[in-house]
Amino acid sequence: MLPRRAWLAGGAVFAALPSIACAQASAWPTQPIRLVVPFAPGGTTDLAARLVSQGLGMRLGQPVIVENRPGAGATLASAQVAQAAPDGLTLLVSNIASHGVAPSLYRNLRYDPVRDFTHIALLLETPSVFVAQPRFPARGIADVVRLSRDMPRGIDIASSGTGSSNHLLIVQFGQVTGARVNHVPYRGAGPAMTDVIADVVPMMSDSLPSSAGHLRAGAVRGMAIASTARHPAFPELPSFREQGVDLVASSWFGLSAPAGLPPAITGRLSREVAAVLADAALQHRFAELGGTVGALSPPAYAEFIAGEVARWAPVVQASGAQVE
Amino acid sequence: MDILGNLAHGFSVALSFSNLLFALIGALIGTAIGVLPGIGPVATISLLLPITFGQPATTAIIMLAGIYYGAQYGGSTTAILLNLPGEISSVVTTLEGYKMARNGRAGAALATSALSSFFAGTVATVVVAGSGPLLTSVALSFGPADYFSLMLLGLIISAVLAQGSVIKSIGMVVFGVALGLVGTDVQTGQQRFTFGIPELSDGISFVALAMGMFGIAEIVLNLEKPEARSVLKTEVGSLWLTREEFRRATPSTLRGTLVGTVLGILPGGGAALSSFGSYMMERKVSKHRNLFGTGAIEGVAGPEAANNAAAQTSFIPLLTLGIPANAVMALMVGALIIQGIQPGPRMVEAQPDLFWGLIASMWIGNVMLLVINLPMIGMWVKLLQVPYKFLYPAILVFCCIGAYSVNNNVFDVYSTVLFAVFGYMCNKLKLEPAPMLIGFVLGPMMEEHLRRAMLLSRGDVMVFLERPISASMLAIGAIALIAMLLPNLRKGKEAALSG
């Protein structure tokens, strides 16, 4: 919808459209902005979004209000935002679940992760890790692979849920190494971690933020981190690559808006987000969460998403998890 | 003893002016949102989360904990006065509490709820302080097979909850389990019974189900019968407990405290079992079990104590393992992480101020709630004297806001309406909603644990008998079933129900 000002401009509306769009962008935002988080409050995505929303609100001069709309593996909120007006007042925390895995996982997804959105910025990346019960005999990834071959039905590895990126990493781990794996899904990382600590399941595929505290406390032992280099906070934790397994994966969260966001608003948002992310205090808090600040321009982030969709499609296929 | 020294340190932290102030603010906010039907602590805490960013970690967590307890207290108020439960624990409170209110004993029911909660909270705080780490190892000895057997036991005994026909009650439990299965299958990720509606993929909203079946259906029934509405305006009686009521409530409070303390420790859904576990116990062992269903004070005292004790001890997995037991705890973990504190086994040593300050403030929060709530009983009871034509639209509005606020989704408001219609039908057919809600909560957990146990045992059913905890639960369940069926066979159903 055109703002009322545009109608007041009278007969020259159509001729004046581009300049009005510019005027609108410089005036934007005149109202509070809604930042839709497609997960329940309290998780990594939610925390990251709240940290960013504070800084962003201050820089834009309008409050950025976080709205949690969990449901259907983050696809519910994503579908809603895809249909919202591209006026810069409705933003979404796009993420690996709704924009990386869902396109292959859900057969009837109601949005296209690339075409239906204006992608603005990558906010946070958190590497995936394999952690084990401290009493578990395997010392490294090679041990895990060898042990798993001796087990009649493979080695049990827990994850936060079927179709989650953590689950897919287990599948890919099996594909790459030939290890025999038996996936044990949970409702979220918390219950899965409980069972690893209780020695119900020997290993777990997790994101670093939900494992970090348990790793520091020695409640679980890190087996491998799926990043290209070791993580500064966990210098003793070797990467998969160091152990001869080419596995790099991380969870990611970014900022997106409905498709057709005026370029002026996209540019402004991209600049302001970059400024917020450059803040040392925020980078410190992101590091505490176990993540690294993302730095991608709007087109680079859109390209990144397209790459993730292509990457996970064959893994979802192999996992056998597909939702009607 | 070291614990005394630690507790003293905790109190010195918690009794600082700002911490005391924020404990009070938290308790007040919590009570307020608890009283507003359906608006739960999750929505409130997530709104207040940004405020905590600028506070010291201890102050922040003390305030959030205050909201959590306050909501527990406040939730019982609406359950007793308006038959409106906001969570599974207050579902049980409606059973006897609302009946007491209708008998003109609303004040006594509210006082019982406040006093038994306070007592249980005090005991549980001492337990958390004294043996938290020890109890963690107990909780960790529960595997999926054990949880399954515990839930199964809960379901078997929940048939006792029925106040009418046992067959109908079993039917309702099974129907509740079926409703609980709606949503995404944890094992395969497939959607079940969702009819292609994305809003159903995470299951039916508990708040929508509970508010519809209890609160709103009750409003419809009240509107149907003008005389029922006037019952609410009858003499409210003495606000305080009579000596006789006090004597009856005391042993129930003690038993409820024990049940809640033990079950609250189990991270896999123990807290959900606590209040109706206590209710079942009271129906079986209390001296006045024949009064159950007509407003027995034991049925308020026991479950309220159990519920509050479990709310306290469910902090144990959070504080010692760093694993949140429910959505509110998950938010508290979030608040801590933002502050750069990772909850977990090392928190006791790394953050003694926070750990012991929180434990001390748990108790201080309970005292504050007692101080806030007891004088307010008179005011709440007066609420019932508000003409019904003003009261019920207000309740409906708050129910809608509450249903919406859980997931910020209008679909949940529609579900509430649907369940209100269903609840009304059930009332007409003399079908009890409480067993259905228990099936709804326990069914999916039971399925999850069953399938996980089977997945880990590679399909060997013997795992349920080989594990001692699981085997004992199953044995108790079998005995309960036989005890329930035997007199049935011999003397007919009535004897079984009254015995």
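Domain bounds, as used here, come from an automatic or database domain assignment. In the predicted model described below, chain A is divided on this basis into domain 1, made up of residues 31-125 + 250-319, and domain 2, made up of residues 127-243. The C-alpha centres of domain 1 of chain A and domain 2 of chain A lie 27 Å apart. Where the two domains of chain A touch, 17 residues of domain 1 are in contact with 17 residues of domain 2. On the domain 1 side, two or more residues each are given by helix H5 (96-105), strand E9 (250-258) and helix H12 (298-319) of chain A. The largest share of this side, 5 residues, comes from H12(A). By residue type, the side of domain 1 of chain A that touches domain 2 of chain A divides into 10 nonpolar, 7 polar and no charged residues.

The buried residues of H9(A) are A:Leu208, A:Pro209, A:Ser210, A:Ser211, A:Ala212, A:Gly213, A:His214 and A:Leu215. They pack against three helices and strands of chain A that include helix H3 (44-60), helix H8 (189-197) and strand E4 (117-132). Strand E7 (203-207) and strand E8 (221-225) of chain A are also among the elements against which the buried residues of H9(A) pack. After H9(A) comes A:Gly218, which has a positive phi, near 80°.

Of its 5 residues, 4 are buried, so E8(A) is largely enclosed by the rest of the structure. E8(A) runs antiparallel to E4(A), and 4 bridges join the two strands. Within this pairing, A:Gly222 in E8(A) stands opposite A:Val131.

A further site in chain A is A:Leu89, located in the loop between H4 and strand E3 (90-95) of chain A. With 17 other C-beta atoms within 10 Å, A:Leu89 is partly exposed; a residue needs 20 or more to be buried. Neighbours within four places in sequence aside, A:Leu89 is in contact with A:Pro29, A:Gln31, A:Ile33 and A:Arg34. A:Phe286 lies 197 residues from A:Leu89 along the chain, and the C-alpha atoms of these two residues are separated by 25 Å.

Between the chains, 42 residues of chain A are in contact with 44 residues of chain B. The elements of chain A that give two or more residues to this side are H3, strand E2 (64-68), helix H4 (75-82), strand E6 (181-185), H8, H9 and helix H11 (280-288). The residues of the side of chain A that touches chain B divide into 19 nonpolar, 12 polar and 11 charged.

Chain B contains 22 helices and 2 strands. Its radius of gyration is 22 Å, close to the 23 Å that the globule rule gives for 499 residues, so chain B is as compact as a globular protein of that length. Taken along the principal axes, the C-alpha atoms of chain B fill a box of roughly 60 × 60 × 50 Å. Buried residues make up 59% of the 499 residues in chain B. Of the contacts in chain B with a separation of 6 or more, 80% are between residues 24 or more positions apart.

Conventions:
Residues are numbered from 1 along each chain as its sequence is written. Chains are lettered from A and ligands numbered from 1 in the order in which they are written. This is a predicted model: local features need pLDDT of at least 70, side-chain atom pairs count only at pLDDT 80 or more; totals for chains, interfaces and linings use all residues. A residue is buried if 20 or more other C-beta atoms lie within 10 Å of its own, exposed if 12 or fewer, and partly exposed in between; C-beta atoms are placed from the backbone. Two residues are in contact if their C-beta atoms, placed from the backbone, lie within 7 Å. Two strands pair if DSSP finds at least two bridges between them. Ala, Val, Leu, Ile, Met, Phe, Trp, Tyr, Cys and Pro count as nonpolar, Asp, Glu, Lys and Arg as charged, and the others, Gly among them, as polar. The radius of gyration is taken over C-alpha atoms; the globule rule is 2.2 Å times the number of residues to the power 0.38.
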